[in-house]
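Here are a few exercises to work through with the model open beside you. Try each task before reading its solution.

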Amino acid sequence: MRKIRLLHFGMGHDHSAQFLECVKHFSEVFELVGVCEPNEEMKKNFGHMPVYRDVCWLSEEDAFARTDIDAVIVEAYDLDLVRYAQKCADKGWHIHMDKAAGTDILAFKKLLKTVKEKNLVFQMGYMFRYNPFVKTARDLAKSGELGEIYHIDAFMNTCFNKEKREWLSKLLGGDMLYLGCHMIDLVYSFWGVPKSIIPFNKSTGRDGLHLTDNACAVLEYEKGVAIVRASAVEVNGFGRRQFTVCGEKATVEINPLEGPPRARICTIENASTYSDKAEESIATGFVNKDRYEEMMLDFASFVRGEKQNPFTLDYEFQLQKMI
């Protein structure tokens, strides 16, 4: 089977290096044409990383002049993602684009329109869609084993230093756009479009910075609410990243989401009013890089026409509107 000739575009996104590691790891699936980073400062800041040392560097002009590229991974700085993905779509390349889709909803709508008109594959980098326990919980929801959902708690916290929070201040919505988008994606995939969204975008003022670094959103549904938290200042926030979905027939608690993930599941048949009857599972052998590998293999399957992306263009547009 012919390898997928792949361009890696941009280095400014936090996931860039790890996605490129995946491409190199699956050398029997992908042929890396080269890496393009138009921003020389970005190239200077990240080009020394081991994963970039042996790549073929392409200028933006050279990259878009190529006629032998099948697909592209767009890993540019967050607010440049949609702009560069549009150029790739115009070339007719299949696209993996990291998240979130910027702050210009009309530009994103135009990108999706081009993708649809050209019948291109479009995958977004929401890696928790591939978390083993999220997948299990989603299967339970689809099969009806969770029953009607009553509430969801979703936390995507961390503890950034001053320099990172200075960078974060450039993003409209701050940490809710940057990290909270992951949890909004999960809530949407389980519970659909909410009746309303109430944001609580707060700034701690730590280090004299003014940005949304302590955010919460309440998504209102007919019979309950989902609470999404995205804090950039929580001590051990990474260790408390979690997703809990509570239905009439079962509760699934994934806490933590990674490092490795752990899940606790309790069904209504086993439940007790005043004791904990949840059963625990640990994803042994699962490490952070694994959260990208299955995604990239799926992308290859989409490009080859072997599978269809379950996350449609309409889904991605609605998600971005919610974010």
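**Exercise 1. Find which residues of helix α1 are buried, and name elements that cover them.**

Solution. This is a predicted model, so begin by locating α1 at residues 16–25. Next, apply the cut-off: a residue is buried when its relative accessible area is under 20%. Ser16, Ala17, Phe19, Leu20, Cys22 and Val23 are buried in this helix. An α-helix has 3.6 residues a turn, so residues three or four places apart point the same way. Finally, look at what lies over these buried residues: the cover includes the strands β1 (4–9), β2 (30–36), β4 (71–74) and β5 (94–97), along with helix α9 (290–304).

**Exercise 2. Work out the strand order of the open sheet and say which strands stand at its edges.**

Solution. Trace the 6 strands across the sheet, and the order reads β3-β2-β1-β4-β5-β6, with parallel pairing. The edges belong to β3 (57–58) and β6 (122–124); each has a single partner strand, so one side of each lacks a neighbour in the sheet. Now zoom in on one pair: β1 and β2 run parallel and are joined over 6 bridges.

**Exercise 3. For the pairs aspartate 185–arginine 129 and aspartate 207–arginine 165, decide which parts of the chain each one ties together.**

Solution. Take aspartate 185 and arginine 129: their closest N and O atoms are 2.9 Å apart. Aspartate 185 sits in helix α8 (residues 174–191) and arginine 129 in the loop between β6 and α6 (132–143), so this bridge ties together parts 56 residues apart in sequence. Aspartate 185 is buried, at 1% relative accessible area, and arginine 129 is buried at 5%.

Move on to aspartate 207 and arginine 165, whose salt bridge spans 2.4 Å, N to O. Aspartate 207 belongs to the loop between β8 (196–202) and β9 (214–221) and arginine 165 to helix α7 (residues 162–168), so the parts tied together are 42 residues apart in sequence. Here aspartate 207 is partly exposed at 42%, whereas arginine 165 is buried at 1%.

Conventions: Residues numbered from 1 in each chain as written. Predicted model: local features only at pLDDT ≥ 70, side-chain atom pairs only at ≥ 80, totals over all residues. Heavy atoms only, no water. Buried < 20%, exposed > 50% of the residue type's maximum accessible area, 1.4 Å probe, protein only. Helix = DSSP H or I, 4+ residues; strand = E, 2+ residues; numbered from the N terminus. Contact = heavy atoms within 4.5 Å. Pairing = 2+ DSSP bridges. Salt bridge = Lys/Arg side-chain N within 4 Å of Asp/Glu carboxyl O.
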